[in-house]
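Please look over the sequence and the structure shown here before reading on. The briefing that follows is arranged by topic.

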Amino acid sequence: MFADLGHFSYTAIQVAFTFIVYPSLILAYMGQAAYLSKHHRIYTSYQIGFYASVPGLAVITVMLVTTCLTSLVMILCWHKSPFLALVFLLFFGSIELLYFSASLIKFLEGAWLPILLALFLMIIMFVWHYATIKKYEFDLHNKVSLDWLLALGEKLGIVRVPGIALVYTDLIAGVPANFSHFVTNLPAFHRILVFVCVKSVPVPFVPPAERYLVGRVGPPNHRSYRCIVRYGYRDVQEDINAFESELIASLSDFVWLEASLGGHQSSEAADGHEYGLTVAGSNLLARRRLDYNTALPSEENTIELAPDTTVKKVRFFLEENSGSALSEAVREELEDLLAAREFGCTFILGHSHVRAKPGSSIMKKLAIDVAYNFLRRNCRGPDVALRVPPASLLEVGMVYVL
């Protein structure tokens with residue numbers, strides 16, 4: 001189980017079980033058998049006998065729950081017949097249920113401790129999950145329309161400054177409320193705007209060529225994009241420099257791919273629309289191989305997107321047979337992206353303050369105002385989890401009334 005979750009490798013678990021767990025179990029069972037053989041009479045002071053050998057309640061409960069969940073896995077994941085799953089549940093579940101009923105009489109003799117511990121951990125997980133879902137619903141309900149974002153301009157006193165802004169959000173569509181709060185208090189944002197959403201998917205690894213889903217937010221001249229970054233549960237997130245390079249390369253790949261497929265929209269056609277996302281990566285790798293293995297027709301048709309010599313350079317080739325207007329628009333967008341990269345990236349994260357709504361029940365106030373806020377203050381912040389450099393971090397305070 002721990003190997004499947006990615007906490008340890010299969011080899012580490014095999015070695016630990018072979019040389020530590022298995023010998024320890026054998027010695028423990030041998031010791032119990034020797035003690036029972038000598039103190040088998042029920043009238044001894046320790047009351048050793050069959051009653052004492054019935055398994056301490058937590059163990060048999062785990063076995064019973066595992067059997068019930070396995071029967072569900074047989075139907076939902078292994079696609080076995082419900083009849084077979086029912087036979088499995090009745091055969092093993094009936095045996096474990098007998099042990100479970102016998103173990104209940106040990107509740108007052110110490111079995112209450114693991115149950116109390118399990119209840120405490122369950123409450124913690126429930127409070128965290130409940131507040132997280134409520135925060136997401138708050139963001140979903142208070143997100144800003146795309147028309148509002150496109151209406152921001154010099155007429156409203158909004159200034160586009162050089163650089164790239166990476167706005168982290170849990171939303172996969174729309175403009176998050178923390179960005180509107182940011183613009184309201186500081187009427188300026190960067191020339192290149194990227195809404196980044198980091199998602200964990202239920203697979204061990206996500207290939208680098210399929211990690212980035214990129215789409216356009218508004219018309220091309222607005223220079224706003226959306227990027228969903230997908231990680232498997234065994235993937236190791238790159239350091240921030242590698243992440244920046246891969247993200248910018250994916251944006252450039254998306255621009256090139258959109259132009260090659262004839263999807264480069266005009267400003268009038270794309271106003272007020274947010275188009276679907278595209279997997280940006282596989283085409284980029286193909287063009288990298290083309291760049292390193294074949295000669296290009298002319299050096300003036302390439303753009304280098306990595307000014308730093310310590311980072312692998314990526315060169316993007318514009319096809320000669322594309323229309324001149326289309327090539328010029330693509331070239332201008334890639335040059336804007338390169339120029340913004342040289343000015344650096346700013347990471348915009350929300351700094352949440354959560355409180356319960358007025359008139360909420362006492363239980364909800366205790367869960368939100370006390371328990372969740374205590375857990376949030378003692379957990380790693382998103383800047384630490386995402387490895388954001390403090391010098392490039394800009395936090396936007398948000399009050400969530402749940």
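This is a predicted model: local features need pLDDT of at least 70, side-chain atom pairs count only at pLDDT 80 or more; totals for chains, interfaces and linings use all residues.

Residues are numbered from 1 along each chain as its sequence is written, and side-chain values use heavy atoms, with hydrogens and water left out. Helices (H or I, at least four residues) and strands (E, at least two) are DSSP runs numbered from the N terminus.

**The α4 and α5 pair**

- The axes of helix α4 (residues 58-76) and helix α5 (residues 82-103) come within 9 Å and cross at roughly 170°, where axes are lines fitted to C-alpha atoms, for helices over the stretch in contact, and angles run from 0 to 180 degrees between N-to-C directions.
- The two helices α4 and α5 are therefore roughly antiparallel to each other, a term that applies to angles over 145 degrees.
- On the α4 side the meeting residues include I60, L64, T67, S71 and M74, and on the α5 side they include L84, F88, F92 and F100, with contact meaning heavy atoms within 4.5 Å.
- By class, this contact of α4 with α5 has 15 nonpolar, six polar and one charged residues; Ala, Val, Leu, Ile, Met, Phe, Trp, Tyr, Cys and Pro count as nonpolar, Asp, Glu, Lys and Arg as charged, and the others, Gly among them, as polar.

**The two sides of α4**

- The buried residues of α4 are I60, L64, T67, S71 and M74, where buried means under 20% relative accessible area, exposed over 50%, and partly exposed in between (1.4 Å probe, protein chains only).
- An α-helix has 3.6 residues a turn, so residues three or four places apart point the same way.
- The buried residues of α4 pack against α5, whereas V62 and L76, on the other side of α4, are exposed.

**Single residues**

- H79, in the loop between α4 and α5, has a positive phi of about 60° although it is not a glycine, and H79 is exposed, with a relative accessible area of 64%.
- R223, in the loop between β3 (212-216) and β4 (224-232), also is a residue other than glycine with a positive phi, near 60°, but R223 counts as buried at 5% relative accessibility.
- S250 lies in helix α9 (residues 240-260) and counts as buried at 2% relative accessibility.
- S250 touches Y212, V214 and A280, not counting residues up to four places away in sequence.

Note on methods
Angles under 35 degrees count as roughly parallel, over 145 as roughly antiparallel, 65 to 115 as roughly perpendicular and the rest as oblique.
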